[in-house]
Amino acid sequence: MRMPEKGQDWEAVRAMLEERGANDAKWRDGRTAVYVFNAGEEIEQVQKAAYTAFMSENGLGPMAFPSLAQMEKDVISMALGLLHGPEGATGAMTSGGTDSITMAIKTARDYARSNGMAKEQANIVLPQSAHLAFDKAAHLMDIEIRRVPLKSDGSYRADPEAMSGQLDANTIMMVGSAPNFPHGIIDPIEALGDLAREKNVWLHVDACVGGYFAPFARMNGENVPPFDFEVEGVMSMSADLHKYGYAAKGASTVLFRSDDLYAFMPFKFDGWSGAPMTTPTLAGTRPGGAISAAWAVMNYLGIEGYKALQGRVCETRKRAESGLKALGFEVLGQPVLGLVAFRHPDLHSFALYSEMFHRGWFTSVTKEPRSLHLMLSPKHADVIDDYLRDLESACAAVRSGEAAKKEQVSARYS
Ligand SMILES: Cc1ncc(COP(=O)(O)O)c(C=O)c1O
């Protein structure tokens, strides 16, 4: 596209925007189970109104916009209240999970260096299922990543013993997920915490998906193991508001056990021509709307609202699990939140994925082992039966396609 010589009126531009979106996933109808978290129209309206109210303001300037500074403090305080933050725990809002993880790694690295550790190339030890954001951040900071196979007991959980074998004097961080993305399973954070304390290694819990889900699931009586600052060895956490916090996109939290650890995160600089600056996170400009929308949704929903939404998601996951098992699928491990991965003993997951895609479902896949993947939202309660019905017909289509393929092959060689 070339920039038009003359600007166009808003109605024309709006029409073009609508046209652009015409082929996007129709997530509002519930047939998308990745990328978006659909808590319904009411929440979307709150996000929008609260976002636009502070859309032009900039969190980079806390003195100009004390409103945003206070809202960020409130968000962090609410987060720490949910995640057993001890006295003195603190954190900051970032633009997303990758950003939070990057900042936690930078903080852990600088902390290690300040203690005379990690004299050679720093490394991070993490389970194979941990999010690739760790690799991206490590790439940026020239840190070595040591991925460790999961336990081989079919639980899809991290293997603390195997991780222990990878730790050395240059390890700046160990990671556990709550839950991991590929399988939706919470790692054994207590065992990782014990190991972290024994070896004096920083443990980060990536609760990007579960940080604003697991506490409410637990309040609802789900069997959620300790995964947050309640576990002594946990030094930092990433928890995304724009996932199961149902905030507008561009909002996450990075949290630290103490102010002393947090102190290694901000960047202070006065060696340039401009004014001296301190920025807490990677961003310079910090979109005010992402802060106000997160703050607003948290206050709009409150504990009761989150408990109701997350309860709906857990119920939907249980309905999905029993429907899937009835169709002959194996559910990987024992998910307790909103992600579930599953595979069929005879039918190729990616062929099923393709059949489902052609039936209008936009979902995800897991590679190890090959399986289908759903990230469920409250809206999916309305459509999970349709999904299961379509999956049954997708299974039949893949089965008959495979039977036809076999016939072709045997005809060719007979
Ligand atoms: C477990 C986990 N960690 C980190 C991230 C990265 O979050 P973001 O996409 O907001 O950068 C994701 C994203 O899905 C995730 O599932």
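Student: How far from an oxygen atom of the ligand does a backbone N or O atom of G97 lie?
Tutor: This is a predicted model, in which local features need pLDDT of at least 70, side-chain atom pairs count only at pLDDT 80 or more, and totals for chains, interfaces and linings use all residues. Residues are numbered from 1 along each chain as its sequence is written, and side-chain values use heavy atoms, without hydrogens and water. A polar contact is a pair of N or O atoms within 3.5 Å. For the backbone atom of G97 and the ligand oxygen, the distance is 2.9 Å.

Student: Which residue places a polar side-chain atom 2.6 Å from a nitrogen atom of the ligand?
Tutor: The ligand is surrounded by 13 residues, counted if one of their heavy atoms lies within 4 Å of it. In the side chain of T98, an N or O atom is 2.5 Å from a ligand oxygen. The 2.6 Å distance to a ligand nitrogen belongs to D206.

Student: Which are the edge strands of the open sheet?
Tutor: The sheet has seven strands with mixed pairing, in the order β1-β7-β6-β5-β4-β2-β3. Each edge strand pairs on one side only; they are β1 (90-94) and β3 (144-148).

Key: Two strands pair if DSSP finds at least two bridges between them. Helices (H or I, at least four residues) and strands (E, at least two) are DSSP runs, numbered from the N terminus. A polar contact is a pair of N or O atoms within 3.5 Å; within protein, one must be able to donate a hydrogen and the other to accept it, and residues adjacent in sequence count only if both atoms are side-chain atoms.
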